[in-house]
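I opened my notebook to work through this model one region at a time. Here is what I looked up, in the order I went.

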Amino acid sequence: PSLLPLLLAKVHPPSPPLPERPATGSTSARVLDPRARLRACIDSHPVVILSKSTCERCAEVKKLFKSMCVPYFLLELDQAEDARGLERALSELTSETDVPVVFVKRRKIGGHGPTLKAYQEGRLQKLLEMNGSEGLPESYDYDLIIVGGGSGGLAAAKEAAKYDKKILVLDFVTPTPHGTRWGLGGTCVNVGCIPKKLMHQAALLGQAVQDSRNYGWKIEETVKHDWDKMTEAVQNYIGSLNWGYRVALRERKVTYENAYGQFVGPHRIKATNNKGKEKIYTAEKFLIATGERPRYLGIPGDKEFCISSDDLFSLPYCPGKTLVVGASYVALECAGFLAGIGLDVTVMVRSILLRGFDQDMANKIGEHMEEHGVKFIKQFIPIKVEQIEAGTPGRLRVVAQSTSGGETIEGEYNTVLLAIGRDACTRKLGLETVGVKINDKTGKIPVTDEEQTNVPYIYAIGDILEGKLELTPVAIQAGRLLAQRLYAGSNIKCDYENVPTTVFTPLEYGACGLSEEKAVEKFGEENIEVYHSYFWPLEWTIPSRDNNKCYAKIICNIKDNERVVGFHVLGPNAGEVTQGFAAALKCGLTKMQLDSTIGIHPVCAEVFTTLSVTKRSGGS
């Protein structure tokens, strides 16, 4: 037969003529019956797509093969001679009643859904590669492309580079509504953990200066805080980290591009830099590590006049009288250090403090902050923010409404800081183009226990994962272990259980394991024992402050030899205390083992070796 295979890579040419061959016993050529013609097409071409020119699902399948640079023979049934006969023949040959229908090496793959599924599972690629790739690319530009240059993405890149893999990191910071942007390293380094902890330390030093007078230090003049000096020092340190990350990637021969990554097809991504220049790269595997960005209220004036934590740490002026909107750990940490450096701070709370954390501990944090001058407006939400006067800072009017009725209140502030939550940066990555599923409501990506998405060659780690902890060390661990599994033959998976964390409020809160609420939900109230105690750090006794404010609590599973399933501490250096006990929890720590541990005296952590009062007993 005279057949005309179409090699389609970038265009949609018109449908070719159907093959013809001479009929037996005839000297003139005549068209074969539809069934024989279809069979001739399928037998004569490595890839055949039976389609209709107006069918959107057909167009998606064609786009898939184009993106793989795979040549295919295209038969548009609605443009062919004897269209009805061909459709009947298609049904008889394949039992398919609709298009598209795909054949690869005479094997029926099926319609739109089965073809995409075969691609996502890798079966289609393997079939195409049998006996030669016939148009598939011999190699990719990179072994691994990582979208997102935060803690998790960089950890994965550096680990994968150890195994001589060719790695590309794409990182791009979309400026905030106020134009704030930053360098390589992600949220934690630039606008999260690092500047937060440093500014928390600035507030602690202010308290230490006050305490020092009781220890004999003579400080005559009034101590004042210099916002500009602090932010300059913090930003200088962050700048050194940004540079260090770039050097580390270069030393490991990891390619870094300051560009926004968007999937444009299977194994293909478009990188757009800040000048709008675009490049296309291919890779065998991809890792999405794009993190989250602060959420806005969606009310008049929020983006025009309010700031977020993305702006605060490099704010070029002291924020002055500040309203913090939200009850997240970001909200309470920022409110805490702003009050600690002497600012007038109010926190507006919609419902509860620190949702998801132990509420006993959360309420104690709130009480301590109130006693130290932070004001709380509870069960109200802003409905409008207006500018009264421009400036650095200016003056803003905030109108808020009660969550339990129609009551409204107004207040004037210099700065309004929004800390109401964060949204996953997944909706503008072109994930729908390659079939990666996300949670429509949250934008989070569901993954397997090996951080694999529903598309086998695409992985995801960090804050964008559905149902996982949003913590920097978790992303780092997941990234490192993923690279080891992909390229070093490891089978070790990231353990998301008993992960320690600390909230750096003025009274620091460290936690590991279950909250009291979660423990009751999981084991039943009758099956848990809660041991607790207040304690007074020795260092605070001389200035005689905050007695009976620090608090220690462990939650034990009675039916499992009183195994410790929750560890909670409020006090100075809570993160340092919690880190050590976290290792013990991973090893299956029990109450008896805690009791048999000899404490270090005089330190705060020794309280955990002498806990004897249970909540159930009602004892003091």
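Buried means under 20% relative accessible area, exposed over 50% and partly exposed in between, with a 1.4 Å probe and protein chains only. This core holds 69 residues, and Ile554, Phe567 and Phe608 touch the most other members. Helix H12 (residues 329-340) gives the most to this core, with 8 residues. I also noted a second, separate core of 68 residues, with Met68, Leu124, Val474 and Leu482 among them.

**Ground rules.** I am reading a predicted model, where local features need pLDDT of at least 70 and side-chain atom pairs count only at pLDDT 80 or more, while totals for chains, interfaces and linings use all residues. Residues are numbered from 1 along each chain as its sequence is written, and side-chain values use heavy atoms, with hydrogens and water left out. Helices (H or I, at least four residues) and strands (E, at least two) are DSSP runs, numbered from the N terminus.

**Ile554.** Which residues is Ile554 in contact with, leaving aside neighbours within four places in sequence? Counting heavy atoms within 4.5 Å as contact, I found Phe567 and Phe608 on its list, including also Tyr531, Leu594 and Leu611.

**H8 against H12.** The axes of helix H8 (residues 193-214) and H12 come within 8 Å and cross at roughly 35 degrees; axes are lines fitted to C-alpha atoms, for helices over the stretch in contact, with angles from 0 to 180 degrees between N-to-C directions. I saw Lys196, Met199, His200 and Ala203 of H8 meeting Glu333, Phe337 and Gly340 of H12.

**Helix H4.** Next I checked H4 (residues 112-120), where the buried residues include His112, Thr115 and Ala118. Is Ala118 buried or exposed? Ala118 counts as buried because its relative accessibility is 2%. Beyond its sequence neighbours within four places, Ala118 is in contact with Ile109, Arg123, Leu124 and Gln125. Just after H4, Gly122 takes a positive phi of about 85 degrees.

**Loops.** Val99 and Pro100 are joined by a cis peptide bond, omega about 5 degrees. I located Pro100 in the loop between helix H3 (83-94) and strand S5 (101-104). In the loop between S5 and S6, Arg106 has a positive phi near 70 degrees, though not a glycine. Arg106 counts as exposed, at 56% relative accessibility.

Note on methods:
A nonpolar core is a set of buried Ala, Val, Leu, Ile, Met, Phe, Trp, Tyr and Cys residues joined through side-chain atoms within 4.5 Å.
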